[in-house]
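Student: I have a model open and would like to go through it. Can we take it piece by piece?

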Amino acid sequence: MKPGPRVHRTPQRAAEVAILFCMSRFIQVAVPLPLRHPLSYRVPDGWPVPRVGSRVLVPVGPRAVTGCVVENNVRSVPVDEDAIKDILKQVDDEALVSPTVMKLALWAADYYLCGPGQTLEAAGPPGGQSGFRMVRHFEITSVGRAFLAEQTLGGASKRTGTIGPRQRLALETLVDTKVGLGQPLLVKRGVPAATLNRLIARGFVRGEHRRVMRHPSEEGGTEHQSSRILTSEQSVVLAGLSATLSNKGFHVALLHGVTGSGKTEIYLRLAVEAQRLGLRVLVLVPEIGLTPAMVRVFRPVFGTRLAIQHSGLSAGERHDQWHQTRAGEVDVVVGTRSAIFAPLENVGLIVVDEEHDASYKQEEIPRYHGRDVAIMRAKQAGALVVLGSATPSLESYSQATRGRYELITLSKRITGQPLPTVKIVDMREEYRERGHEIVLSRLLVTGIERRICKGEQVIVLLNRRGFASAVFCRECASTANCPNCSVSLTVHQVKRRMQCHYCGYWRSLSAHCVLCQGEYVELTGIGTERIEREVRRSCPEARVARMDRDTVARRGAVSALLARFGRLEIDVLVGTQMIAKGHDFPQVTLVGVVSADIGLGIADFRASERTFQLLTQVAGRSGRGKEPGEAIVQTLYPDHYSIYHASHQDYQGFYRDEIAFRKAMRYPPSLALVNLIIRGRTLGAAMRDGALLAEQLRRHAQDEWVLGPAPAALGRLKGEHRVQVLAKGTHRGRLREMVDSALGALPRLGRLITVDIDPVSVR
Ligand code: ADP
Ligand code: ZN
């Protein structure tokens, strides 16, 4: 039997089909290809008209592609009717994408200048799985029960005959259960399928297929105390937001709460309030690794009315969670950015936690920003959006200062502890006194030792993985670079490799220069592997672990490592920005930051913002329990304003300096920005195409600025040369129109140009 009917026919369906059928034979289909507009197709005579939001198989050139119907009542088509092809197949009988989600996906395609099929693909059902998992379930019948009783009372009855030991075992197992058992479990207990079939034939057992949910493993426990008393700050904030929520209108609130101020508790209470009002809730977190913590808080309250949506789930789990959400069996969806397209109706509240986080931006097509799509979804649904952060993005904070968003502040930690004190170590002095080989300052080493003696924990951040960031040859003065990308190869001691972090290229580690075979090679720049080794060396008694993309590649590895840290099986956790976010470990009283300025060297207008956020967030992991926290920040630029303000935990101070810089340099949020990257086989070809693009942009410009073409900061990537053109404008809509028109005039270049609206990074 084929499991899982995905298609549910409704009673009115036949009548509706009849009406649709008379109206039109043409439909518009968005296909997941880089085409800015949907394609027209004909519905063959005698076929019902597919619904808007259902999937159809259509021919595109020589291929057959699954697309989504965006319009099914097309009266005339722009081209010769005879040139229009027939659809090949109707995949669904019903609309899988609802009108609300369709509207959002079409808006996103338009706004981000990509294909409607590309955003609808993100909004559609997860691929790979075609149905719910159905398992055969068995229950004992009253006849079976009576028979078993008779058997037990004494000998076989003549009327019904006897049964074999396996049939008897099956009946004895089933008689004790209320709702029966699934086949896999019965088989495990020694009852084969044939036995069950014989019992069914005799009327002793009843069998049926039941839906079995594949629940994500990160289900979360029940450790949350839902009865805890809110602090006075939390109460005031919750009361205000609850009132706004009950007004049921579009509203954006920026919740600027210092680290450890209890923002999650506010999200939870607000979600409960929404459920009470009959509204549904979306909670976005920036990374998969942050979902378990959120789910742990929400699961005890919402149980199975909570679904999880992110790409870390297995195909089966994703299928089930998505379809359960769509079926209305769920009130709260927790997920990463793609969950903003979750098939949830009647959304009244959207929470975007850590709204400043760069991970909300998808760095591949469709290049949408989860937070910004969230705001649009809320606008379309008339919902409340809560953007939460200890370090709001410049974008959101400037909206708040202009009164467009409501600004809500939580200025105190739950525990009443002050924010951690931050000590800055000027590494130039440390080097002068102790030589350039120094990695950990004396202050940091003694700090770590002190914490370990007291049974407390330490986090050490260095936002660069690997052992060393480059190999430099003193004989030929060259650096070992990636043959495909304009970056140096990173040394990974553990794997004994030199590796490119952009394209994956690697070669074995060698003691000689790869160019001249010279013997005097020097490792420059440090990474997390090196820090791990240095901590082990300086504090031999410490239990040290490392968390970066190299150590947590396996599914579930992040939660496993964090759980060990939580159980105090690890004293010092070394890692990249992964360890800086969201986590709440009350025993951590010291956070060390090595090379705090690492991100400032990156040619990107957000370099200071990123640095400030990272330092503030990671320092915020310290002192979240009873003991006060401390952070030790090692840097070569103690006077840089992002480091200075982060060390004083002074968001406003940073905002003032940074917004002045953005205005002076004409960068967002003082205006809108589009980053256009032109790829080419040679630099010359890319520059020529870039010049054509820039010329078209200038032709369509009114008050917009066009900069370039110029080689991009990351000049070569995966074997291609990259050239950049930046377009800036004070009027967002006009800027997008200009870009759209220019691209429309250069169809030949379409495939070579990457368009990034509101880029988060301009490398
Ligand atoms: P933030 O997200 O603002 O950094 P969290 O939401 O992680 O802060 O809260 C910090 C800690 O305080 C968490 O352990 C949380 O469970 C706890 N907490 C939050 N609100 C309360 C409360 N009202 N009473 C006691 N503990 C609370
Ligand atoms: Zn490379």
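Predicted model: local features only at pLDDT ≥ 70, side-chain atom pairs only at ≥ 80, totals over all residues.

Student: Ligand first. Which residues come nearest to ligand 1?

Tutor: There are 16 residues around ligand 1, and the nearest are Ile229, Gly260, Lys263, Thr264 and Asp584.

Student: What is the make-up of that shell by class?

Tutor: The shell around ligand 1 has 7 polar, 5 charged and 4 nonpolar residues.

Student: And which helix gives the most to the shell?

Tutor: That is helix α9, residues 263-276, which supplies 3 residues.

Student: How far is the polar side-chain atom of Thr264 from an oxygen atom of the ligand?

Tutor: For Thr264 the distance to an oxygen atom of ligand 1 is 2.8 Å. Arg228 also places a polar side-chain atom 3.0 Å from an oxygen atom of ligand 1. With Ser261 the backbone is involved: one of its polar backbone atoms is 3.2 Å from a ligand oxygen.

Student: How much of the ligand's accessible area does the protein cover?

Tutor: On its own, ligand 1 has 560 Å² of accessible area, and the protein covers 78% of that.

Student: Switching to helices. At what angle do α18 and α20 cross?

Tutor: Roughly 170°, with the axes of α18 (residues 607-619) and α20 (residues 651-665) coming within 10 Å. Angles over 145 degrees count as roughly antiparallel, so α18 and α20 are roughly antiparallel to each other.

Student: Which residues make the contact?

Tutor: From α18 they are Ser608, Glu609 and Phe612, and from α20 they are Tyr651, Phe654, Glu658 and Arg662. By class, this contact has 3 nonpolar, 3 charged and 1 polar residue.

Student: What about α5 and α7, at what angle do they pack?

Tutor: Helix α5 (residues 165-175) packs on helix α7 (residues 193-201) at about 75°, and their axes are 10 Å apart. The two helices are therefore roughly perpendicular to each other.

Student: Which residues of α5 and α7 meet there?

Tutor: Arg166, Gln167, Ala170 and Leu171 are on the α5 side, while α7 brings Thr195, Arg198 and Leu199.

Student: Now the backbone. Where are the cis peptide bonds?

Tutor: One joins Ile365 and Pro366, with omega about -5°. Pro366 sits in the loop between β13 (347-353) and α12 (370-381). Another joins Gly708 and Pro709, where omega is about 10°. Pro709 belongs to strand β28, residues 705-717.

Student: And what is the phi of Ala477?

Tutor: Ala477 is not a glycine, yet its phi is positive, about 60°. Ala477 lies in the loop between β18 (468-473) and β19 (490-492).

Student: Why point these out?

Tutor: Because most peptide bonds are trans, and most residues other than glycine have a negative phi.

Notes
Residues numbered from 1 in each chain as written. Chains lettered and ligands numbered in written order. Heavy atoms only, no water. Near = heavy atom within 4 Å. Polar contact = N/O pair within 3.5 Å; in protein donor to acceptor, adjacent residues only side chain to side chain. Areas by Shrake-Rupley, 256 points an atom, 1.4 Å probe, with all protein chains shown as cover. Helix = DSSP H or I, 4+ residues; strand = E, 2+ residues; numbered from the N terminus. Nonpolar A, V, L, I, M, F, W, Y, C, P; charged D, E, K, R; others polar. Axes fitted to C-alpha atoms, helices over the stretch in contact; angles between N-to-C directions. Parallel < 35°, antiparallel > 145°, perpendicular 65-115°, else oblique. Contact = heavy atoms within 4.5 Å.
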